[in-house]
Amino acid sequence: MLKVDQVHTYYGNSHILQGLSFEVPTGKCVALLGRNGAGKTTTIHSIAGLTPPRRGNITYMGKLISGLAPNKIARAGIGLVPQGRRIFPSLTIRENLIVPARDRKQTGTGDKSWRLEDIYDLFPILKERENNMGTQLSGGQQQMLAIGRALMTNPQFILMDEPSEGLAPVIIEQVGDIIRKLKQTGLSILLVEQNFYLACGVADTVLVMSKGQIVWQGTPEELLINEEIQHQYLGV
Ligand SMILES: Nc1ncnc2c1ncn2[C@@H]1O[C@H](COP(=O)(O)OP(=O)(O)OP(=O)(O)O)[C@@H](O)[C@H]1O
Ligand SMILES: [Mg+2]
């Protein structure tokens, strides 16, 4: 569904992604793991068009998307849950959800069409607090809002950048449950994480990244028994 092929991305003269290649098959969850500064967010931003690759191709459902503007990429059906949530602080929860909403006709086919009520069914706390400002939420609630906001664009594919960052263990478990539920709706997911256990608990395939390249790829089961990779690249 998504194919990243020999991608090179720079910030000015800094060569960050150095020939990055991987694929995310339809309906699967692929986790991308790596230490601070490995290039995970740069990968997400390269796909979303926020930091376009200088070389290499990114194709989505057979169409070349690298080089398109971010709004065109979003409209093709790719949703983004950014690192740090990026909730609009001066808007209420309800407004945060409604602002990006886009109906299914524009995005094409998907297994599920998300409306405000569906988001509230998935996250009842957001319904209870719908008139609170974005800043009045806990970290976990902000994360749910960030996920809900991405779902309101009715994506078929979702990019999630470290959704567990800064959250308590019990909330991280809830994030894992949500990701599993989203997969059941037919969504394809690229999950960037530093939380090894969350990633292994939800992913079909795990990619390990270092210095802008994929250095290991396998199943969660294979990674869980590979202490060498865990130590060398993940600091587990
Ligand atoms: N806007 C920028 N300008 C210049 N260099 C940048 C910029 N953003 C990131 N970098 C550098 O690019 C490299 C990769 O950063 P990136 O944010 O992709 O890492 P990451 O894997 O997401 O890390 P983290 O887990 O801390 O979020 C780092 O060396 C970082 O310092
Ligand atoms: Mg990052």
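This is a predicted model: local features need pLDDT of at least 70, side-chain atom pairs count only at pLDDT 80 or more; totals for chains, interfaces and linings use all residues.
User: Why is tyrosine 197 called exposed?

Analyst: Its relative accessibility is 56%. Exposed means over 50%, so tyrosine 197 counts as exposed. Tyrosine 197 sits in helix 9, residues 196-202.

User: What makes Tyr197, Leu224, Ile225 and Val236 a nonpolar patch?

Analyst: A patch takes residues with over 30% relative accessible area and no salt bridge, and nonpolar side chains are joined within 5 Å. Tyr197, Leu224, Ile225 and Val236 form such a patch on the surface. Together they have about 430 Å² of accessible area.

User: Why do glutamate 162 and lysine 40 count as a salt bridge?

Analyst: The cut-off is a side-chain nitrogen of Lys or Arg within 4 Å of a carboxyl oxygen of Asp or Glu. Here the N to O distance is 3.9 Å, so the pair of glutamate 162 and lysine 40 qualifies. This pair links distant parts of the chain, 122 residues apart. Glutamate 162 is in the loop between strand 7 (157-161) and helix 8 (169-184), while lysine 40 is in helix 1.

User: Are glutamate 162 and lysine 40 buried or exposed?

Analyst: Both glutamate 162 and lysine 40 are buried. That label means under 20% relative accessible area.

User: How many salt bridges does this rule give?

Analyst: The count comes to 6 salt bridges.

User: How do you know that aspartate 118 and arginine 115 meet in a salt bridge?

Analyst: Their side chains stand 3.3 Å apart, N to O. The limit is 4 Å, so the pair of aspartate 118 and arginine 115 passes. Arg115, Glu117 and Asp118 are linked in a network of salt bridges.

User: Why do aspartate 118 and arginine 115 carry the labels they do?

Analyst: Aspartate 118 has 11% relative accessibility. Buried means under 20%, so aspartate 118 counts as buried. Arginine 115 has 46%.

User: Why are strand 1 and strand 2 said to pair?

Analyst: Pairing needs at least two bridges. Strand 1 and strand 2 have 8 bridges, so they pair, and the sense is antiparallel. Histidine 8 stands opposite glutamine 18 in strand 2. The two strands form a hairpin with 2 residues between them. Glycine 12 in the turn has a positive phi of about 55°.

User: How do you know that strand 4 pairs with strand 5?

Analyst: 2 bridges join strand 4 (residues 55-60) to strand 5. At least two are required, so the pair counts. These strands run antiparallel. Tyrosine 60 stands opposite lysine 63 in strand 5. Strand 4 also pairs with strand 1 in the antiparallel sense, over 5 bridges. In that pair valine 4 stands opposite isoleucine 58 in strand 4.

User: What makes strand 2 and strand 5 the edge strands of their sheet?

Analyst: The open sheet of 4 strands has the order 2-1-4-5, with antiparallel pairing. Strand 2 (14-24) and strand 5 (63-64) each pair on one side only. Helix 1 (residues 40-48) packs on this sheet. It touches strand 1 (2-11), strand 2 and strand 4, and its direction makes about 70° with that of strand 2.

User: What makes strand 6 and strand 10 edge strands?

Analyst: An open sheet of 6 strands has the order 6-7-8-3-9-10, with mixed pairing. Strand 6 (78-81) and strand 10 (213-218) each pair on one side only. The twist averages 20° from one strand to the next.

User: Why do strand 6 and strand 7 count as paired?

Analyst: They share 4 bridges in the parallel sense. The rule asks for at least two, so strand 6 and strand 7 pair. Leucine 80 stands opposite leucine 159 in strand 7.

User: Which strands does helix 8 touch as it packs on the sheet?

Analyst: Helix 8 touches strand 3 (29-33), strand 7 and strand 8 (188-193). The direction of helix 8 makes about 160° with that of strand 8.

Methods: Residues are numbered from 1 along each chain as its sequence is written. Chains are lettered from A and ligands numbered from 1 in the order in which they are written. Side-chain values use heavy atoms; hydrogens and water are left out. Contact means heavy atoms within 4.5 Å. Axes are lines fitted to C-alpha atoms, for helices over the stretch in contact, and angles run from 0 to 180 degrees between N-to-C directions. Patches are made of residues with over 30% relative accessible area and no salt bridge: like charges are joined within 9 Å, nonpolar side chains (Val, Leu, Ile, Met, Phe, Trp, Tyr) within 5 Å. Accessible areas come from the Shrake-Rupley method with a 1.4 Å probe; for residues, only the protein chains shown count as cover. Buried means under 20% relative accessible area, exposed over 50%, partly exposed in between (1.4 Å probe, protein chains only).
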